[in-house]
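User: Let's go through this one term by term. I'd like to see each label set against its cut-off.

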Amino acid sequence: MQENELTTRQKTRLETKARRKAKLCRVIQLQLMYSKNQSHYLNNLFLEAKWIYNDNLNRLKNKQPLEYKYKTVNVRLRPPTKTEPIIYEEREIKYLSSHMQQAIKEKIEISLKGLKTHKNKGVKVGSLKYKKEQRCIRLKEHNNTYTIDFNKNKLRLQCYKGAFKLRGLNQLKELMDQDLEIASADLIKEGDKFYLNVCTYTNKKQKEVHKEYVSIDFGCSTQLTLDSDVKIEYKAEPSERRKKCCKKVSRTKKGSKNRWKARKNLRKAYKKENNQKKDVQNKVLSLFLKKFNLFIIIQNENIKGWMNQHGKSIQQTGIGSLIKLLKNEPNTNVKVVDRFFPSTKLCPKCGTKNKIPLSQRIYICECGFVDDRDGKSARCIATEGLKNIPLELGKLESMNEVRIILLMEKLNQIPRVKAYKTNRCGLHRINACGVETSTLVDTCVEEASFDVETGSLSSDAMGS
Ligand SMILES: [Zn+2]
């Protein structure tokens, strides 16, 4: 009997796996709105999750099997002095459903498995550590562990009578017509805010037809340079608030309650900065992909290598996460050129590789080729990327001047983004239409006095 049951369960599991493989997986974040009573419930939920997690680790230590059907749990109390023995107190589990408890147990098992594989590979591994705070609870099944009520915009959780108002549900409603399937979700606690990260599966869209392409070169001072010499800058300077919070943390005593509070505030400040960065990235990408329907060509940059040279300033730009976002796009939208393609060094006219130092913003080759450094490497990436493109995409063209100006206008409407066009050093090629805009800034031409000291340049040239 039991065997039979197991096989049917395995069957359905395989079926869902196969069904979801053909679908597009996306995680959508919703925010929970709550009243005072509800915040009490939520905080207790995460507290109980912590208790159970830590108790399970205790069980691991004592070589007992993991447990997920807690009615009561032993909680370790902080001893008044270090010399006194550890005291445990029995507490009742009121809020956490068995499904949620099971998810905590499974999470530990997954972590152990990961540690084991690392250990087998010869990596030095530690052990799982007790948690001071649990920040994530996995809700395993929609319509069971949790239910999203689309009519009332509300979320219900297992073993809880009330319902939470949800913010951002329109993101899910938009996907309804694409055969939406809602899988598991994570309940997240961040500061005093609670979020629900819902994992969704939707049908893959019909392949989009692009007519134009754009190639992007990433840099440190100007974050993005397009092949059409449009430069896009955005940078989240460390905010005053974050600096203050940093100072406060360093002044408090280790292990004190004030330090805990200060660190909480610091996390909030970081979160705000990150949200701003993400917001810019999402807006720029949606402009490229959705509004302008462009095919994007980028190079897979080695951001870790950049960190050694530029330090933290590269972190503020968030280029790494932008590349990650682009890589996750289906390959009918984005083409990624290999990391080792010498986009900065290569001369497109004669094909030699010249090393140019970072301070030199103009590319000069012995054959007489002169061009803007970033714009040139963007164009090199474009020619390399267009070499082997899937046939069904057809012929791609670069953007024309009118569209570029339109794109720049839209980019400048995004907060914290500055987009402008530079002259191509006024030497190599001249604008086809000769259109000039008021935002046309040319910094490189004035500085360039063309001292053609070519090959004899230092070796710290880098693909930025
Ligand atoms: Zn050359």
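Analyst: Two housekeeping points before we use that. This is a predicted model, with local features needing pLDDT of at least 70, side-chain atom pairs counted only at pLDDT 80 or more, and totals for chains, interfaces and linings using all residues. Residues are numbered from 1 along each chain as its sequence is written.

User: Which residues make the contact of α2 and α3?

Analyst: Ala49, Ile52, Tyr53 and Asn56 come from α2, and Gln101, Ile104, Lys105 and Ile108 from α3. Contact here asks for C-beta atoms, placed from the backbone, within 7 Å. By class, the residues of this contact divide into five nonpolar, two polar and one charged. For those classes, Ala, Val, Leu, Ile, Met, Phe, Trp, Tyr, Cys and Pro count as nonpolar, Asp, Glu, Lys and Arg as charged, and the others, Gly among them, as polar.

User: And what makes α5 and α6 roughly antiparallel?

Analyst: The axes of helix α5 (residues 240-251) and helix α6 (residues 257-291) cross at roughly 155 degrees and come within 9 Å. That angle is over 145, so the two are roughly antiparallel. Their crossing is left-handed. The contact of α5 with α6 has seven nonpolar, one polar and six charged residues; among the charged ones are Arg241, Arg242 and Lys248 of α5.

User: How do you know that strand β13 is largely enclosed?

Analyst: Count C-beta atoms, placed from the backbone, within 10 Å of a residue's own: 20 or more others make it buried, 12 or fewer exposed, and anything in between partly exposed. Six of the six residues of β13 (residues 294-299) are buried, so the strand is largely enclosed by the rest of the structure. Both faces are covered, with Leu294, Ile296 and Ile298 on one side and Phe295, Ile297 and Gln299 on the other.

User: What makes β10 and β13 a pair?

Analyst: The rule is that DSSP finds at least two bridges between two strands. Five bridges join β10 (residues 212-218) to β13, and the two run parallel; Ile216 is bridged to Ile298. β13 pairs with β14 (residues 334-337) too, in the parallel sense over four bridges, and Ile297 has Lys335 as its bridge partner there.

User: Why do β4 and β5 count as edges?

Analyst: They belong to an open, antiparallel sheet of seven strands in the order β4-β8-β9-β1-β7-β6-β5. β4 (136-139) and β5 (146-149) each have a single partner strand, so one side of each lacks a neighbour in the sheet. The twist from one strand to the next averages 30 degrees.

User: Why is Leu196 called buried?

Analyst: Leu196, in strand β9 (residues 193-202), has 23 other C-beta atoms within 10 Å, so it clears the cut-off of 20. Leaving out residues up to four places away in sequence, Leu196 touches Leu30, Leu32, Leu155, Ala185 and Leu187.

User: Why does Asn143 count as exposed, and what of Arg416?

Analyst: Asn143, in the loop between β4 and β5, has 9 C-beta neighbours inside 10 Å, so it falls within the exposed limit of 12 or fewer. Arg416, in the loop between α11 (401-413) and β18 (418-421), has 14, so it counts as partly exposed. Most residues other than glycine have a negative phi. Yet phi is positive in Asn143, near 70 degrees, and in Arg416, at about 70 degrees.

User: Last one: how many helices and strands does the chain have?

Analyst: It comes to 12 helices and 18 strands, where helices (H or I, at least four residues) and strands (E, at least two) are DSSP runs numbered from the N terminus. Buried residues make up 24% of the 464 residues in the chain.

Note on methods. Axes are lines fitted to C-alpha atoms, for helices over the stretch in contact, and angles run from 0 to 180 degrees between N-to-C directions. Two residues are in contact if their C-beta atoms, placed from the backbone, lie within 7 Å. Angles under 35 degrees count as roughly parallel, over 145 as roughly antiparallel, 65 to 115 as roughly perpendicular and the rest as oblique. A crossing is left-handed if the near helix is turned anticlockwise from the far one by less than a right angle, and right-handed if clockwise.
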